Amino acid sequence: MSKVIRAMKKVYWKGRKKIKKLPPVKAAKKYMGRKRKDKLLYETLPAAYNAHKNEPVDERKVIFIELRLPDVSNSFRILYDELQRDFDLDIHVHLLRNSFVPREEYIRRCKEMLADAATAKYIFVNEASDVLSCVDMRPETIVTQLWHACGAFKKFGMSTAELIFGPNAEELKRHPNNKNYTYVTVSSPEIVWAYAEAMDMKDRQDAIRPVGTSRTDIFYRSETIAQAFQNLYKEFPKAKGKKIILYAPTFRGRVARAKTPDCFDLEKFAEHFKDEYVVIFKHHPLVKNVPQIPEELNGTFAIDATKTMTIEDLLCVSDICISDYSSLVFEYSLFERPMLFFAYDLDEYFDWRGFYYDYNELTPGPVCKTNDEMIDYISHLDERFDKQKVIDFKEKFMRSCDGHATDRILHMVFADRYDSLKLSHERTDDEIKVSVVMPVYNAENYLFDSLGNVLKQTLKDIEVICVDDGSTDRSAEIIEDYASRDFRLSLIRQKNQYAGAARNAGLAKCRGKYVVFWDADDRFALDALEKLYTKAEADEADLCVCDIRKWDDTTDRYVLPSNYLRKEFMPEKVPFSKEDIPQYIFNFTTNIPWNKMYRRSLITDNDLKFEHRQRANDVVFVMQALYLAKRITVVDERLIDYRYNNANNLTAGLSKDLYSTYDAFLAAHDILKERGAFENEKVKQSFDNKTLNLLVQSIDLQTNEASARELFDMLLQEGFRKIGIEDYENYYYSRKVYQAYRTMLTGSLVDTLIVLKEQKNTNLEVHRQKLCMQRLKVQRQTVKIQTQKEKLDIKTEQLKKLRGQMGYRICKKLGFFKE
């Protein structure tokens, strides 16, 4: 019986396909589709808008409309961020997801957007849309089209009428896509005519403003290129030390069934350029199926970055751009680098879509029909690249894109309301929850990570005080660039006096209830401040401590140290203080200041200061804070990535003064003694354990035998005595430290170094075993996740097939079930 049923189904589907291809059926289907579209755009959607059209306009409401993408796109991002940060506005974002969600869901989103738009003062769009164009827009609303592309390359809109790509002129006028615009922003005065033609705005050409394209401002920001390279090397480590060839073609066919070219011969490029170049593919976002990179080349000579890197990042890092008819070449011209145009189907594409300018005259680089032509040009790039041609191209088509387009657009849109809408950023001390003090010295390669993390913190009520400690690189310039876009950031400059002095200078300017001292070369969890602040407030703490990860950015590997938050030395309940753990008050965490949040009154009331020394300048400050804090709490999470291989870090590396660690602990000893800390013998025991541990380590850290000998002798002769180190075995928490100390007392430096080395090797082996177990656990989790993903993909495909069946559509229409 089952065979009969399968045979009947086969006959049915074959017959159904044939019926659908019959001319009368196709014509009827087209007619019904047109009627549905007419009803949607003439009745359903306008009704959603008109239902709220007579309500008062909200003078602060701003709407961003994304037609397809799932988030705020790069066409909006800079302007959107500035409005969120610097203006007193009520900002709404509508993600319509055309072609990516079921039709019913798309219509629902459109109706919701239009109902919201009916009372909006300002609307921003970045694509053509018949949805926004189908309503009679009220005159009070200002609609600005921030077109998603620069220049004027391939034709679009009304310019494609009667071409293969576009519908006929009657259909375009019947349901216009570019109506209701108050302003249209373009990249240069040269192309105003093209947009007037495409958007059927020849009678309103003055509305098309050559003020520049907002999205291009990012290319003038000092952090953009450095961040782009970091993103590249994370995604494609093999690209380090190589030149980058970007292949970014536009799509072929219609939007709904967009296809990508597949004529690029990657194997041939690898044969000629594998030692000097790598290739990155970036296909058009509308393309769903992209060619696969051969396995032997994937990740070594080439990657597909379509879904993993933004086009902005790729333009920044590429040495050569190969495209065809994509408008991205206009943006790439800002870098004045070589471009090639792989137009193997030029005649066909011209008939399909057409161009605003003669293609061969427009392109600022060679037009190639074959892979061999491209390879030949790249092989002789030095003598054939005409940079002046690219500069002339940029001047003609990108004249208004100078890094200040967003500011001009906002002044144009808000006009005389600009100053009244912009926030003054005047804040009282009560409004600043946390002050972030960041000493900076020659950190230009790291600020994009550190400052980027700080300014993106989920806790927004903060101030960031960067203290440039006499940097000789571009650190101060980068900070000023950030500060120009974020009022919460300020810069203090001083001569090189080391991290302690820099932190003190920043501390003097702090206004927040709490203070953190974060380093300029580290990274921070985006919710780090929020978690520390929330915990400190909940426990009414003077001090809040978190755990950290050690991060080697050269290998992108992490180490999970155990000494930054030692639970074995902590009480079961928090908050706590020296009264609860006097024998461990200095041992449950380290003396570094940057994994701690301090109540500012704890610092000011006790006149706490960092020492002005190159190394160990934080010992006195942190040990006093630990001792004086009446309530200490903990966030048991690794919120900070400590970059431990950076020689320029203010607190990294060995000082030429080999006594710096000893001097710091001696100073801490004297100050704590003066404060009466050692009247409690257990507090003294905690201090001695911390001190002995670090002094013994400092011998092993010396870079030559002479330095090690000098420090060794000094400690034996007077150092241990001055600092009050006791000699009792059970007095010390680490048998290894005490063993090294007892070996020192024999007077043998060699024996001491041998003991320290043996202890280090033992620690490394233990760590290696832990790391192996962690990797095994991760591998198991990865396999489990992959299996679950495969099962989900199978179910998704089954559901997709089910939705395509007639029975499903009939049942849904009859209301048997809902999605």
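In this predicted model, six strands line up as an open sheet in the order β2-β1-β3-β4-β5-β6, and their pairing is parallel. Strands of a sheet pair through backbone hydrogen bonds, and they can do so in a parallel or an antiparallel way. The edges here are taken by β2 (90-95) and β6; each has a single partner strand, so one side of each is left without a neighbour in the sheet. Further in, β3 and β4 run parallel and are joined by four bridges. If you look for V125, you will find Q145 of β4 standing opposite.

Another, α4, lies across β1, β2 and β3, at about 160° to β2.

Now follow the chain into the loop between α4 (103-117) and β3 (120-125), which is the place of T119. Is T119 buried or exposed? Its relative accessibility is 8%, and the cut-off for buried is under 20%, so T119 counts as buried. The side chain of T119 is joined to that of K61 by a polar contact of 2.6 Å. Leaving aside residues up to four places away in sequence, T119 touches H52, E55, P56, V57, D58, K61 and R138.

**A helix pair: α3 and α17**

Helix α3 (residues 74-86) also has a helix to pack against: α17 (residues 405-414), at an angle of about 60° and with the axes 10 Å apart. The crossing of α3 past α17 is right-handed. From α3, the contact uses I78, L79, E82 and L83, while α17 brings T406, I409, L410 and F414. Sorted by class, this contact has six nonpolar residues, one polar residue and one charged residue.

Why is α17 described as largely enclosed by the rest of the structure? The reason is that seven of its 10 residues are buried. These buried residues of α17 are A405, T406, I409, L410, M412, V413 and F414. They pack against α3, β3, β4 (142-146), β5 (183-185), β6 (208-209) and α18 (418-421). Just after α17 comes A415, with a positive phi of about 50°.

**A second open sheet**

The chain has another open sheet of six strands, in the order β9-β8-β7-β10-β11-β12, with parallel pairing. Its edge strands are β9 (302-304) and β12 (367-368), each of which pairs on one side only. Strand β7 (residues 243-247) pairs with β8 (residues 277-281) in the parallel sense over five bridges. Within that pairing, I244 has V278 in β8 as its bridge partner. Helix α9 (residues 266-273) packs on this sheet and touches β7, β8, β9 and β10 (320-323), with its direction at about 160° to that of β8.

| Strand pair | Bridges | Facing residues |
|---|---|---|
| β3 and β4 | four bridges | V125 and Q145 |
| β7 and β8 | five bridges | I244 and V278 |
| β13 and β14 | seven bridges | V434 and I462 |

**Strand β13**

Strand β13 (residues 434-440) has seven of its seven residues buried, so it is largely enclosed by the rest of the structure. V434, V436, M438 and V440 point one way from β13, S435, V437 and P439 point the other way, and all are buried. Its partner is β14 (residues 462-469), which runs parallel to β13.

**A threonine in α8**

Which helix holds T224? T224 lies in α8 (residues 222-235). With 7% relative accessibility, against a cut-off of under 20%, T224 counts as buried. Setting aside residues up to four places away in sequence, T224 touches I218 and C316. T224 and D313 are 89 residues apart in sequence, but their C-alpha atoms are 7.7 Å apart in space.

**The whole chain**

Stepping back, the protein chain has 30 helices and 21 strands. Of its 819 residues, 50% count as buried. Among contacts between residues at least 6 apart in sequence, 76% join residues at least 24 apart.

Technical notes: Residues numbered from 1 in each chain as written. Predicted model: local features only at pLDDT ≥ 70, side-chain atom pairs only at ≥ 80, totals over all residues. Heavy atoms only, no water. Helix = DSSP H or I, 4+ residues; strand = E, 2+ residues; numbered from the N terminus. Buried < 20%, exposed > 50% of the residue type's maximum accessible area, 1.4 Å probe, protein only. Contact = heavy atoms within 4.5 Å. Polar contact = N/O pair within 3.5 Å; in protein donor to acceptor, adjacent residues only side chain to side chain. Pairing = 2+ DSSP bridges. Axes fitted to C-alpha atoms, helices over the stretch in contact; angles between N-to-C directions. Left-handed = near helix turned anticlockwise from the far one by under 90°. Nonpolar A, V, L, I, M, F, W, Y, C, P; charged D, E, K, R; others polar.
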